[in-house]
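Have the sequence and the 3D view open side by side. The paragraphs below go through the model one part at a time.

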Amino acid sequence: MKKLLHIVATPRGKDSRTLEVSGEFLDVFKEKHGDWVVEELDLSKETLPSLSVKRVDGKYVVLSGKELSGELKESWEEIVAHIEKFLSADAYLISTPMWNFSIPYMLKHYIDIIIQPKYLFRYTTTGVEGLVKGKKMLVVASRGGDYSAEPMHSADFQEPYLRAIFGLVGIKDIDFIVAQPMDMGPALSGPNLLKAQALARQAAARF
Ligand SMILES: Cc1cc2nc3c(=O)[nH]c(=O)nc-3n(C[C@H](O)[C@H](O)[C@H](O)COP(=O)(O)O)c2cc1C
């Protein structure tokens with residue numbers, strides 16, 4: 001069975017506007033893709049391993065091409081478990097609000113854990129080679145303001161960052177559905193939420 005990993009980066013549960021959009025995607029996705037399993041990773045409920053000095057030291061051992069051993073290897077076990085869960089998926093759905101022009105810290109923490117050399121990418125003499133090949137990603141985002149045009153557009157560090165970091169590891173097929181503005185009154189949030197939900201249903205039908 002194929003697997004869609006749903007990475008949730010909002011702590012707002014039933015009140016989340018982002019999840020109101022990705023929920024529409026999932027309803028259609030599950031209906032159309034009965035041969036897929038959907039696994040949820042709710043980052044606000046997960047205790048992610050901290051990047052302690054041992055774990056950071058471990059990263060440099062891996063970077064140098066050496067094998068981890070002893071205490072460093074032990075401290076890396078939780079990191080490797082998260083990497084393996086990420087790599088076990090065939091496709092990804094990320095549900096994330098914009099926080100301070102970018103992504104919530106728990107999603108950044110997750111990214112700092114899983115984006116590791118040897119596992120997700122490798123350096124070559126000519127640059128970086130992404131090792132996550134042939135996998136799709138959909139990012140469903142919501143924002144309080146509207147970043148579709150200047151002057152706010154230049155402050156959107158969410159979409160470019162996610163495209164860059166997952167692009168680095170080889171995920172090039174990334175779609176974005178953005179519900180915005182969500183905090184500038186119901187006259188704007190209502191129709192724009194519905195618009196994003198319609199896009200989410202269409203994305204699920206062709207995913
Ligand atoms: C800590 C925090 C920081 C935020 N920063 C921004 C921001 O920089 N720009 C913006 O447009 N909205 C910002 N917002 C508003 C959220 O992006 C917006 O309300 C979003 O729809 C919330 O999604 P959710 O309901 O799925 O959690 C912020 C909200 C929080 C809680």
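**A walk through the model**

A hairpin of 2 residues links strand β4 to strand β5. Helices (H or I, at least four residues) and strands (E, at least two) are DSSP runs, numbered from the N terminus. β4 covers residues 121-124 and β5 covers residues 127-130; they run antiparallel and are joined by 4 bridges. Two strands count as paired if DSSP finds at least two bridges between them. F121 has G130 in β5 as its bridge partner.

The model is a predicted one, in which local features need pLDDT of at least 70 and side-chain atom pairs count only at pLDDT 80 or more, while totals for chains, interfaces and linings use all residues. Residue numbers start from 1 along each chain as its sequence is written.

Next comes the open sheet. Its 5 strands pair in parallel, in the order β2-β1-β3-β6-β7. β2 (36-42) and β7 (173-179) are the edge strands, and each has a single partner, so one side of each has no neighbour in the sheet. From one strand to the next, the twist averages 15°. Angles here run from 0 to 180 degrees between N-to-C directions, and axes are lines fitted to C-alpha atoms, for helices over the stretch in contact.

Two of the pairings can be followed in detail. Strand β1 (residues 2-8) runs parallel to strand β3 (residues 91-97), with 5 bridges between them. I7 stands opposite I94 in β3. β6 and β7 are also parallel, and are paired over 7 bridges. There, L138 has D175 in β7 as its bridge partner.

Helices accompany these strands. β6, helix α5 (residues 158-168) and β7 form a right-handed β-α-β unit; right-handed means that, with the strands pointing away from the viewer, the path from the first strand over the helix to the second runs clockwise. Helix α6 (residues 186-206) lies across β6 (136-142) and β7, at about 155° to β7.

How do two of the helices meet? The axes of helix α2 (residues 53-63) and helix α3 (residues 70-87) come within 9 Å and cross at roughly 100°. That makes α2 roughly perpendicular to α3, since angles of 65 to 115 degrees count as roughly perpendicular, under 35 as roughly parallel, over 145 as roughly antiparallel and the rest as oblique. On the α2 side the contact is made by K54, R55, D57, G58 and V61, and on the α3 side by E71, L72, S75, W76 and I79. Two residues are in contact if their C-beta atoms, placed from the backbone, lie within 7 Å. The contact residues comprise 4 nonpolar, 2 polar and 4 charged. Ala, Val, Leu, Ile, Met, Phe, Trp, Tyr, Cys and Pro count as nonpolar, Asp, Glu, Lys and Arg as charged, and the others, Gly among them, as polar.

Now turn to the ligand. It is surrounded by 17 residues, of which S16, T18, P97, G144 and G145 are the closest. A residue is near a molecule if its C-beta atom, placed from the backbone, lies within 6 Å of it. Helix α1 (residues 17-32) gives the largest share of this shell, 3 residues. By type, the shell holds 6 nonpolar, 7 polar and 4 charged residues.

Last come some backbone details. Most residues other than glycine have a negative phi, and most peptide bonds are trans. The bond from E150 to P151 is cis, with omega near 10°, and P151 is in the loop between β6 and α5. The bond from Q180 to P181 is also cis, with omega near -5°; P181 is in the loop between β7 and α6. N100 is not a glycine, yet has a positive phi of about 45°. N100 is in the loop between β3 and α4 (105-114).
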